[in-house]
Amino acid sequence: MKFNADVSSSRRKSRKAHFSAPSSIRRKIMSSALSKELREKYHARSLPVRKDDEVRIVRGKYKGREGKVTQVYRKKWVIHVDRVQRDKSNGATAPIGIHPSNVVITTIKLDKDRRAILDRKDTKKSKEASGDVEMAD
């Protein structure tokens, strides 16, 4: 069932919008889940992945590997993780792209803007909880 009349439910249009999305929207789409500890701490389920976050790969060939994000390659929809690379025939190493949905963020690089994002996400939950308590009185 369609809820919003302004958004198409066409597969063709959805795919076009996804793959031709600008960098600002790709940032949001390229989000990763938070680990259980971080989820408890910040009351948020996911966060757009960022350069110096530490992640654990939970799906695919490199499952179980942990490392720091060295690059968020929005154009190719992948992230490059430290020490997840392959050797080329000429002896050089090339980083392997991992899709952000296949990783879990274990350590967040916090700065002022990132803290504000987490606070915004957290206030929604705390307002709902306090609203329920007030209604019970």
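1. Ground rules. The model is predicted, so local features need pLDDT of at least 70 and side-chain atom pairs count only at pLDDT 80 or more, while totals for chains, interfaces and linings use all residues. Residues are numbered from 1 along each chain as its sequence is written, and side-chain values use heavy atoms, with hydrogens and water left out.

2. The sheet. Seven strands make an open sheet with mixed pairing, in the order S2-S1-S7-S3-S4-S5-S6. Helices (H or I, at least four residues) and strands (E, at least two) are DSSP runs, numbered from the N terminus, and two strands pair if DSSP finds at least two bridges between them. S2 and strand S6 (93–98) are at the edges with a single partner strand each, so one side of each has no neighbour in the sheet. From one strand to the next, the twist averages 50°; the axes behind such angles are lines fitted to C-alpha atoms (for helices over the stretch in contact), and angles run from 0 to 180 degrees between N-to-C directions.

3. The S5 and S6 pairing. These two strands run antiparallel to each other and pair over five bridges. If you want a spot to look at, arginine 86 sits opposite alanine 94 in S6.

4. Salt bridges. How many salt bridges does the structure hold? There are four, where a salt bridge is a side-chain nitrogen of Lys or Arg within 4 Å of a carboxyl oxygen of Asp or Glu. One of them joins lysine 109 and aspartate 52, at 3.9 Å from N to O. This pair links distant parts of the chain, 57 residues apart: lysine 109 is in the loop between strand S7 (103–107) and helix H4 (112–136), and aspartate 52 is in the loop between strand S2 (46–48) and strand S3 (54–57). Lysine 109 is partly exposed at 31% relative accessible area, and aspartate 52 is partly exposed at 32%. The cut-offs are under 20% for buried, over 50% for exposed and in between for partly exposed (1.4 Å probe, protein chains only).

5. Two further salt bridges. Aspartate 53 and arginine 114 meet at 2.8 Å, N to O. Aspartate 53 is in the loop between S2 and S3 and arginine 114 is in helix H4, so this pair ties together parts 61 residues apart in sequence. Are aspartate 53 and arginine 114 buried or exposed? Both are buried. Aspartate 82 and arginine 83 form another salt bridge, at 3.3 Å from N to O. Here aspartate 82 is partly exposed at 31%, while arginine 83 is exposed at 54%.

6. The aromatic pair. The count comes to one, with the rule that rings of Phe, Tyr and Trp (its six-membered ring) pair if their centres lie within 6.5 Å, and that planes under 30 degrees apart are stacked, over 60 edge-to-face and the rest tilted. Phenylalanine 19 and tryptophan 77 are edge-to-face, 6.3 Å centre to centre with 85° between the planes. Phenylalanine 19 is partly exposed at 44%, whereas tryptophan 77 is buried at 11%.

7. Arginine 39. This residue is in helix H3 (residues 36–42) and is partly exposed at 29%. Leaving aside residues up to four places away in sequence, arginine 39 touches Leu34, Ala44 and Arg45, contact being heavy atoms within 4.5 Å.
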